[in-house]
Amino acid sequence: MAIPEPEGGLVISYSYLWRHERKSGQVEGRKNRPCAVILVVEQEDGERVTTVAFITHTPPDDPSFALQIPPTVKP
């Protein structure tokens with residue numbers, strides 16, 4: 001299967017590095033997690049920078065850093 005070009009709204013499997021993992025010295029996440037592509041920016045040199053947000057069932061410590069996926073979208 002071909003890998004799709006990243007675009008907003010696409011859900012991917014990504015080895016997301018949690019803040020506490022980074023602070024403990026890790027450089028890569030421990031396992032692949034579902035993440036939503038939220039922003040793709042093409043730079044002047046043609047490189048595309050993709051920003052993702054992890055998807056989890058665990059409520060965040062600070063709710064101002066989260067968005068709830070609407071029930072009609074959740075599986």
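**Exercise 1.** Which residues form one aromatic cluster?

*Solution.* The model is predicted. A search of the whole structure gives 3 aromatic pairs. In one of them, Tyr 16 and Trp 18 have ring centres 5.5 Å apart and planes at 75°. Centres must lie within 6.5 Å for a pair, and planes over 60 degrees apart count as edge-to-face. The pair of Tyr 16 and Trp 18 is therefore edge-to-face. The cluster consists of Tyr 16, Trp 18 and Phe 54.

**Exercise 2.** Find the salt bridges, and state which parts of the chain the one at Arg 48 ties together.

*Solution.* The structure contains 2 salt bridges. Arg 48 forms a salt bridge with Glu 5, with 2.7 Å between the closest N and O atoms. Another salt bridge links the side chains of Glu 21 and Arg 30, at 3.1 Å from N to O.

**Exercise 3.** Buried, partly exposed or exposed: how does Glu 21 count, and how does Arg 30?

*Solution.* Buried means under 20% relative accessible area, and exposed means over 50%. Glu 21 has 1% relative accessibility, so Glu 21 is buried. Arg 30 has 63%, so Arg 30 is exposed. In the salt bridge of Arg 48 and Glu 5, Arg 48 is partly exposed at 38%, and Glu 5 is exposed at 54%.

**Exercise 4.** Which residues form a negative surface patch?

*Solution.* The patch is made of Glu 42, Glu 44, Asp 45 and Glu 47. Glu 42 lies in strand S2 (residues 33-42). Its relative accessible area is 57%, so Glu 42 is exposed.

Notes:
Residues numbered from 1 in each chain as written. Predicted model: local features only at pLDDT ≥ 70, side-chain atom pairs only at ≥ 80, totals over all residues. Heavy atoms only, no water. Phe/Tyr/Trp six-rings, centres within 6.5 Å; stacked < 30°, edge-to-face > 60°. Patch = residues over 30% accessible without salt bridge, like charges linked within 9 Å, V, L, I, M, F, W, Y side chains within 5 Å. Areas by Shrake-Rupley, 256 points an atom, 1.4 Å probe, with all protein chains shown as cover. Salt bridge = Lys/Arg side-chain N within 4 Å of Asp/Glu carboxyl O. Lys, Arg positive; Asp, Glu negative; His and termini not counted. Charge placed at Lys NZ, Arg CZ, Asp CG, Glu CD. Helix = DSSP H or I, 4+ residues; strand = E, 2+ residues; numbered from the N terminus. Buried < 20%, exposed > 50% of the residue type's maximum accessible area, 1.4 Å probe, protein only.
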